[in-house]
Structures are given as C-alpha cells and as structure tokens.
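Here are a few notes to go with your first look at this one. Have the model open while you read them.

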Amino acid sequence: MSDSDTPKSEFVRWLVCGATAGLAVDLSLYPLDTLKTRLQSEVGFRAAGGCRNLYRGMSSVAIGSAPGAALFFTSYSSIKKVIGSDSPLTNAIGASIAETVACLVRVPTELIKQRAQANAGRSIASIAGLIYRNDGLSGFYRGYVSTVAREIPFSLIEFPLWEYLKIKVAHHQQRECLPIESAACGSVAGCVAAGLTTPLDVVKTRTMLNEGSQKLSTMATLRLVHSQGGINALYAGVWPRMSWMALGGFVFFGAYETACALTNNF
C-alpha cells in the first residue's frame, strides 16, 4: 500500500469501526434507554409506557446508529490527525466538533425513537408522517440544539477522561491498552459524564417529546423542569442513564477498539 492510499484506508477503517461500535451499544442496551426516556417524560413513567414494550422504536435506532457513530469517529479521528497532537484540549475539541457533525444523522432517528418509546401504540411510520405533516423536513431536527447542548459537554468530559485513563493504564502496565482495558476506561468515563450531564439530557428528552407548536430554548426548558419538580426533576432517570452509559461505554469503546485491532492491517 502506498503512502497516498493511507489516508483513504484510515478513513474507511474509522467508518467501519465507528459503525460497529454504534450498533453494538445501541442495540444491546436499548431497554435501559427506553426506561430512561419514560422516566423523563412530562406525562410520567406509567403514562409513557412503564416497563412495557421496552424495544419500541428500536428500528429507528438500527437505521441511524451506524452512520451516526461512523460520522462521529471519522470526524473525531480526522480532527486529531489534522491538529497533530493527543492532548486533552485536542480530544475535547475533536469530540465537540464530531458530536455536532454526528447529530445531523443522530437527531432525526433519536427524535422518532423517543416518541415511539413514550407513546404506546404508535408506529415508526405514523410518527415520521406526523412530524413531516406538522413541520416538514425541519421537524425532524426539533431538539437539534438541545441535543448538541447535551452532547458537547458530555464529550468534553467523556473523551478526554477516556484518553487520560487509557494513558494511566498503559503507563501502569508498561504497554498499550488492550481492548478490554480501553472498554473499562470508557465505562468509567461514560458513567461520570452521564451523571454530570443528566439535566441537559432531560431537556433534550422534553424537547423531543414536545409535539406542540411552542418551542422553548434550552435554558427556558431547564427553568420549566426545575419549577415543576425541582432538582429531582432535573435528574430524572439519572440512574438508568448512568447505568446505560457505564455499560454502553464498555460496549462502545470495547467494540471500537476491537474493530480497530481486527482491521489494523487492512
């Protein structure tokens, strides 16, 4: 393989590895995500579906998970390569930009998924049709700003912490991290980031579940949620979210690193 082919092969490799990681985590831990969404619903856990039909809306995730994660890792890895360093600041910048790009794919599928999770008896097709009739194509991006407002702080915590923990483990073991060790680092990083950013996740959920014409800003929604239920409402679903992200971080980063190791010579 010539040097001129390397960037293209790396780009394809990041796409494949990112898609593998996204599908692995979203499909394996979907029920926990459904429980979290219903706990954060304005109508309440029971009215949103309780513990019934925990896989409702999964087909939407299956469609958007692979391209969303692939976009994230290609953007993240490309930015780090362009900057040419591996500092916490570089990781934070790369993760923030990558999340903004990935949300172009992630938000429409996340919107349909969450409405399916919180509305028993409504199919994916009927939800998508209603969104289009009410707001056109722009309706599929309701919650884009609140999603980015959640994902950027999350990534600013998770990815630098993941990279830092990997460095510490590698230094302690006197070798590079194994995929299983990287997965454990990702689990810790995901759990910490999830707990700290839960209020922003509640705002994102409320925004996406709101099918009315009134559209509140992120700050206005935060104030509304707090006025309705105080700090407990802002942290609704925190334990399912932290559990999901702890397990999800392990699966996500483990799958990504394993895929990278398997495709290392491609």
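1. The closest cysteine sulfur to that of C177 belongs to C185, at 5.0 Å. A disulfide needs the two sulfurs within 2.5 Å, so this pair is too far apart for a bond.

2. Then have a look at C260. Its sulfur has C17 as the closest cysteine partner, 3.7 Å away, and that is again too far for a bond. Is C260 buried or exposed? With a relative accessibility of 10%, C260 counts as buried.

3. How many disulfides does the structure hold in the end? The count is zero.

4. Next, a helix pair. Helix α2 (residues 30-40) packs with helix α8 (residues 198-209), the axes being 9 Å apart and the angle about 80 degrees. That angle is why α2 is described as roughly perpendicular to α8.

5. Who touches whom there? From α2 come K36, T37 and Q40, and they meet T198, D201, V202, T205 and R206 of α8. By type, the residues of this contact are four polar, three charged and one nonpolar.

6. Mean pLDDT for the chain is 85, with 95% of residues at 70 or more. Helix α7 (residues 179-196) has the highest confidence, a mean of 94, while helix α1 (residues 6-28) has the lowest, at 78.

7. Over residues 1-6 pLDDT stays under 50, and the model has three contacts beyond four places in sequence for them. Where pLDDT is low, predicted coordinates should not be read in detail.

Key:
Residues numbered from 1 in each chain as written. Predicted model: local features only at pLDDT ≥ 70, side-chain atom pairs only at ≥ 80, totals over all residues. Heavy atoms only, no water. pLDDT = per-residue confidence, 0-100. Helix = DSSP H or I, 4+ residues; strand = E, 2+ residues; numbered from the N terminus. Contact = heavy atoms within 4.5 Å. Buried < 20%, exposed > 50% of the residue type's maximum accessible area, 1.4 Å probe, protein only. Axes fitted to C-alpha atoms, helices over the stretch in contact; angles between N-to-C directions. Parallel < 35°, antiparallel > 145°, perpendicular 65-115°, else oblique. Nonpolar A, V, L, I, M, F, W, Y, C, P; charged D, E, K, R; others polar.
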